[in-house]
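Here's a quick tour for anyone meeting this structure for the first time. We'll start with a pocket and then move on to a sheet.

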Amino acid sequence: QVQLVESGGGLVQAGGSLRLSCAASGGTFSNYIMSWFRQAPGKERDFVAAISGSGANVYYADSVKGRFAVSRDNIKNTVFLQMNSLTPEDTAVYYCATTQRWVEKRPSRYNNWGQGTQVTVSS
């Protein structure tokens, strides 16, 4: 079982940027497709982005396409989410998760999650 720990969240003004990290341990990191999700208060957990095990393939939700970029470092067992041009609508807790399925957007199909990191975008 892979353990996941997110970091990098915080408070930022609209138009600003943040870079989230998700450090993995306890498994063969490059074997996993890594996904990012987010959950705003009172809302469902939504898919944000995914990256293949090698990092060669990426996929984004329409809501973040062109603003967010997912990447990974398989030496450091870490996946990143660079978030640019942030808006208040991006405010949420952001989670990383592992999967073997490309592209899996249903959070119910994941059973391995980090604890989440809060991102708050002020207007």
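The largest pocket holds about 180 Å³ of space. Keep in mind that this is a predicted model.

**The pocket**

- A set of 13 residues lines the largest pocket, and the ones closest to its centre are Arg38, Ala40, Lys43, Asp46 and Glu89.
- Two elements give two or more residues each to this lining: strand E4 (33-39) and strand E5 (45-51).

- Four strands make up an open sheet, and they run in the order E1-E3-E8-E7 with antiparallel pairing.
- At the edges sit strand E1 (3-7) and strand E7 (68-73), each of which pairs on one side only.
- On average, neighbouring strands of this sheet are turned by 15 degrees against each other, if you ignore direction.
- In general, strands of a sheet pair through backbone hydrogen bonds, in either a parallel or an antiparallel way.

**A closer look at one pair**

- Strand E3 (residues 18-25) teams up with strand E8 (residues 78-83) in the antiparallel sense, over six bridges.
- To find a spot where two residues face each other, look for Ser21, which stands opposite Phe80 in E8.

Key
Residues numbered from 1 in each chain as written. Predicted model: local features only at pLDDT ≥ 70, side-chain atom pairs only at ≥ 80, totals over all residues. Heavy atoms only, no water. 1 Å grid on protein atoms, 1.4 Å probe; cavity = no way out; pocket = protein on both sides within 12 Å on 5 of 7 lines; lining within 4 Å. Points joined across faces, edges and corners; volume = space filled by probe spheres on them. Pairing = 2+ DSSP bridges. Axes fitted to C-alpha atoms, helices over the stretch in contact; angles between N-to-C directions.
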